[in-house]
Amino acid sequence: MTVSTLEELERLYGTPKDASTVKEIDWISEHYGAYIDASPFVSLATVGPEGLDCSPRGDRGAVVTILDRKTLALPDRRGNDRIDSLRNIVRDPRVALLFLIPGSGTTLRVNGTAKISTDPQLLEDFTVDGHAPRTIILVSVEKIYFQCARAIVRSRLWDADAQADLSHLPTPGTILAALTEDRVGGESYDREWPERARKTLW
C-alpha cells in the first residue's frame with residue numbers, strides 16, 4: 001500500500017508542533033548566522049534536466065560566508081571538475097544546503113536560489129594559500145531553519161566508538177579498477193591520492 005495524496009500523508013503524521021514551524025524564517029538571523037559561521041561542511045543540493053544532485057563541500061573554517069542577511073557565498077574549491085552542481089545552477093537556480101558542525105547534533109537547512117559569480121573581488125576574497133576559486137556560488141536565502149538532533153543522535157555520527165571499520169570498504173582505486181577493467185585506478189591510484197590531494201586542495 002502506498003501513500004498517494006497529501007491528505008493521506010497528513011492523516012499519518014498529523015499537525016506539526018509550533019517548534020517545528022516558527023523556526024522557519026526567510027533571512028539569516030544572528031543565531032542562524034552563528035551556525036553558518038561554525039560550519040566547515042555543507043551538502044549542496046541542486047536540480048537540473050537530468051535530475052537531482054547532492055554535492056559535499058568543505059573548507060578551512062567556515063565553508064560558507066554570509067554577505068548580508070539574505071545572501072550566502074560558497075567558493076567552488078578544487079574538485080573532480082564534473083561541475084554537476086554548477087551545470088544545474090546555470091539551468092535551474094533552485095538549491096538547498098544542509099550545514100553540519102562537528103560535535104553538534106543540530107543541523108541547519110537553507111532553501112533558496114543561486115547564481116554563479118566570477119567577480120574578481122569576490123574571487124580574491126576567497127583566495128587560500130595563493131589559490132583563488134574559479135567561481136563563487138551566491139545563494140539567495142528563501143527559507144532557513146534548524147533541524148533537531150535526532151538524526152545525528154540515532155546515527156552516532158560524531159561518536160568516536162561508532163566509527164566504521166574502513167578495512168571492509170573497497171578503496172576508490174579498487175572501485176575505479178573494477179569499473180574500467182583495470183584501465184583506471186588500482187593500488188597506484190590509492191597510494192598516490194593523499195599527496196595529490198594535499199597539493200590540490202585549493
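This note sets out numbered points on a predicted model of a protein chain.

1. Overall architecture. The protein chain contains eight helices and seven strands. Its C-alpha trace spans about 55 × 50 × 40 Å along the principal axes. Of the 202 residues in the chain, 32% are buried.

2. The largest pocket: extent and centre. The volume of the largest pocket is about 990 Å³. Its lining comprises 33 residues, and those that lie nearest the centre are Arg77, Arg78, Gly79, Asn80 and Asp81.

3. The largest pocket: contributing elements and composition. At least two lining residues come from each of β2 (51-58), β4 (71-75), α4 (84-91) and α8. Strand β2 provides the largest share, namely six residues. Sorted by class, the lining consists of 14 nonpolar, eight polar and eleven charged residues. A reader preparing charge assignments may wish to keep the eleven charged residues of this lining in view.

4. The second largest pocket. A volume of about 180 Å³ is computed for the second largest pocket. Lys17, Ala19, Ser20, Lys23, Phe146, Gln147, Cys148, Arg150, Ala151 and Arg154 line this pocket. Helix α2 (18-21), strand β7 (136-147) and helix α6 each contribute at least two of the lining residues, and α6 gives the most, with three. The class count is four nonpolar, two polar and four charged residues.

5. Eleven salt bridges are found in the structure.

6. An exposed salt bridge. Arginine 60 and aspartate 129 form a salt bridge through their side chains, at 3.2 Å, N to O. Here too distant parts of the chain are linked, with arginine 60 in the loop between β2 and β3 and aspartate 129 in the loop between α5 (120-125) and β7, 69 residues apart. Arginine 60 counts as exposed because its relative accessible area is 54%, over the 50% cut-off. Aspartate 129 is likewise classed as exposed because its relative accessible area is 51%.

7. Arginine 156: backbone and side chain. Arginine 156 is in the loop between α6 (150-155) and α7 (172-179). Although arginine 156 is not a glycine, its phi is positive, at about 55°. Most residues other than glycine have a negative phi. The side chain of arginine 156 meets that of aspartate 159 in a salt bridge at 3.2 Å, N to O. Arg156, Asp159 and Asp161 are linked in a network of salt bridges.

8. Aspartate 182. A positive phi, about 70°, is also found at aspartate 182, which is not a glycine. The residue lies in the loop between α7 and α8 (187-199). Aspartate 182 is classed as exposed because its relative accessible area is 64%. A colleague checking backbone geometry may wish to inspect arginine 156 together with aspartate 182.

9. A nonpolar surface patch. Which residues form a nonpolar patch on the surface? They are Val3, Leu6, Leu9, Leu12 and Tyr13, and together they have about 570 Å² of accessible area. One of them, leucine 6, belongs to helix α1 (residues 6-13). Leucine 6 counts as exposed because its relative accessibility is 58%.

Methods. Residues numbered from 1 in each chain as written. Predicted model: local features only at pLDDT ≥ 70, side-chain atom pairs only at ≥ 80, totals over all residues. Heavy atoms only, no water. Helix = DSSP H or I, 4+ residues; strand = E, 2+ residues; numbered from the N terminus. Buried < 20%, exposed > 50% of the residue type's maximum accessible area, 1.4 Å probe, protein only. Patch = residues over 30% accessible without salt bridge, like charges linked within 9 Å, V, L, I, M, F, W, Y side chains within 5 Å. Areas by Shrake-Rupley, 256 points an atom, 1.4 Å probe, with all protein chains shown as cover. Salt bridge = Lys/Arg side-chain N within 4 Å of Asp/Glu carboxyl O. 1 Å grid on protein atoms, 1.4 Å probe; cavity = no way out; pocket = protein on both sides within 12 Å on 5 of 7 lines; lining within 4 Å. Points joined across faces, edges and corners; volume = space filled by probe spheres on them. Nonpolar A, V, L, I, M, F, W, Y, C, P; charged D, E, K, R; others polar.
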